[in-house]
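Me: I have a model open and want to go through parts of it. Can you take some questions?

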Amino acid sequence: MSHTPEKIKELEKKAKKIRRLIVKMLAKAGSGHPGGSLSSTDIVTSLYFSVMRYDPKDLRCLKSDRFHMSKGHCCPLLYAVLAETGYFPEKELWTLRNLGSILQGHPDWRTPGVNVASGSLGQGLSVALGMALAARLNNSPSRIYCLLGDGEIQEGQIWEAAMACAHYGCDNLCAILDHNGYQIDGKVKDIMNIEPLADKWQAFGWHTINIDGHNIAQILTAFDRAKKVKGKPTIIIAKTTKGKGVSFMENVVDFHGRAPTAEEAEQALKELS
Amino acid sequence: MTEMLYARDAYGEALVEIGQKNKDIVVLDADLAGSTRTAKFGKKFPRRFFDFGVAEQNMMGAAGGLASCGKIPFVSTFAIFGSGRAWDQVRNTICYNKLNVKIVVTHAGITVGPDGSSHQAIEDIGLMRAIPNMTIVVPCDAPETKEAIYAAAEYRGPVYVRLGRSKVTTVSKKGNFKIGQACILREGKDVSIIACGIMVKQALDAAEILEAEGVSVRVVNMHTIRPLDKKTIIECAKLTKGIVSCEEHLLSGGLGSAIATVLAENIPTPMAMIGIRDRFGQSGAPDELIKEYHLTSEDIVQACRKLLTYAR
């Protein structure tokens, strides 16, 4: 399937807007995780503004597609997208991480559009598997999308889930690996090497697709291809840049879990204008 | 009254019965379906039965995902794995979201017997009590197990049901089970024994021995650890001179400490606790272990006698 240049341009524009919201939210909150939010922005924007079927008024979403953000610390991205798609008003974004906010430091049931809480890394692929099995039992055409971090997949539970998703032939499940190459303590390859990635997932029975996670055309094509894979789950291994879009955040490990100061935010917003 | 049955057999039968009525019931196991008796359901409803292999953490997460889509998952494994191995998943995925997942574990306590300490969950009630939103039920025999499973299926939210491995004598009264409501099995005015699980039978035996000595004993089956029936506990404190708690569990975090909290905050009352004291289990026959860890009716009798020497 080909995607029109207009569609791609529109999504690029939307992604830029989402990135601006992320920077503003984090600066206002004074803490949070910009690096991974910015590295997966193009993927999640594409999902919500082109790929997925859903209705922001249907919070139980038993028949729609579902997105589960397993790397829950990147919730500023999720919150920005949910506000932008109409799950709640944009003004809620400025309450991120405040006492009583519907936007907690990691996603939970308080937020319209979040089905299951996440944040304790490694648990989300299992949750997505449960959703995929339920969709099958309900004869529902729902597709389940699950965003994983590359540091996150060091958790053993991910591989328990990987085995089970393939065992149960969940072709209605598509995982996306935000492969930005960094985790809190440094480069993933130095902290705990996870390569060879594609070989590992294939050995566990998955269909793998490698893409540039900032190329909208490649992202859309990958999701189209995943839909056509039968009998096994698909993982899109998306090579990304941590902190993408803000020069002084790109590949800077400090910005994994540090919010920008007011001055840094101002500079970042200039770059994203 | 001497009927002895496996509580897990009752669980397996109850699952098939509720599965017949409610198509949203799904059953998950981690390679122990024969032992936990979920295999019965699997045979009858293969489409709604999922074996996850030896991977309890993934199983709990998947149960959460299924529940988030309106299914009612019954998840089974041994108590040690369901409560310990997958604790973080039970906390963060199931209880934090208040998902409608029923965790029914078997082989709890030291009466697992010869398998020894690695397989004897003596801390699971404490682990589950440490998580908000979790309802905890410890049935005392097979018929009560069946009623508890029916009640758990009707109840909305996470429930932990703790079953043992060995056969147990039937002591419960039919049709009495309600989550959060203790059963008074015997009235008395000198001392109250509040017990759960297999210790209810020991408590009744102890009451017989004491009655012969002229001591009048109230026996309460506290099958629900959360929400705890505070009213009945306070009533025991008012009607009798002291309370003895009995559980096949560590004293840390179990039924006894839950009762002690209620008493301390409402009506300080002399109390003794029967349970395991800061040590791991070991291999042995169940009846040998009950003796070794001081969980027999004779141990309860002694605790009651001692309590009455200083209670009002």
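Predicted model: local features only at pLDDT ≥ 70, side-chain atom pairs only at ≥ 80, totals over all residues.

Me: Start with H5 of chain A. What is its span from first C-alpha to last?
Reply: Helix H5(A) covers residues 124-137, 14 residues in total, and reaches 20 Å. That is close to the 20 Å expected at 1.5 Å a residue.

Me: How many of its residues are buried?
Reply: 12 of the 14 residues of H5(A) are buried, so the helix is mostly covered, taking buried to mean 20 or more other C-beta atoms within 10 Å of a residue's own. Among them are Gly124(A), Leu129(A), Met131(A) and Ala135(A).

Me: What does Asn139(A) do just after the helix?
Reply: Asn139(A) takes a positive phi of about 50°.

Me: Switching to chain B. What is the strand order in the five-stranded sheet?
Reply: The order is S9-S11-S10-S13-S14, in an open sheet with mixed pairing.

Me: Why do S9 and S14 each have one side without a neighbour in the sheet?
Reply: Strands S9 (183-186) and S14 (271-276) of chain B are at the edges and have a single partner strand each, so one side is left without a neighbour in the sheet. On average, neighbouring strands here are turned by 20° against each other, direction ignored.

Me: How many bridges join S13 to S14, and do they run parallel or antiparallel?
Reply: Five bridges join S13(B), residues 242-250, to S14(B), and the two run parallel. Within S14(B), Met273(B) stands opposite Ser245(B).

Me: Which strands does H10 touch?
Reply: Helix H10(B), residues 230-239, packs on the sheet and touches S10 (191-195), S11 (217-221) and S13 of chain B. The direction of H10(B) makes about 175° with that of S11(B).

Me: And where does H13 lie?
Reply: Helix H13(B), residues 297-310, lies across S10, S13 and S14 of chain B, at about 145° to S13(B).

Me: Now the domains. What are the bounds in chain B?
Reply: The domain assignment gives domain 1 as 4-169 and domain 2 as 183-310. Their C-alpha centres lie 26 Å apart.

Me: How many residues does each put into the contact?
Reply: Domain 1 of chain B gives 27 residues and domain 2 of chain B gives 30.

Me: Which elements supply the domain 1 side?
Reply: H7 (124-129), S6 (135-137), H8 (142-154) and S8 (167-169) of chain B each supply at least two residues of the side that touches domain 2. By class, that side of domain 1 of chain B has 12 nonpolar, 11 polar and four charged residues.

Terms used: Residues numbered from 1 in each chain as written. Chains lettered and ligands numbered in written order. Helix = DSSP H or I, 4+ residues; strand = E, 2+ residues; numbered from the N terminus. Expected span 1.5 Å × (residues − 1). Pairing = 2+ DSSP bridges. Axes fitted to C-alpha atoms, helices over the stretch in contact; angles between N-to-C directions. Contact = placed C-beta atoms within 7 Å. Domains from an automatic or database assignment. Nonpolar A, V, L, I, M, F, W, Y, C, P; charged D, E, K, R; others polar.
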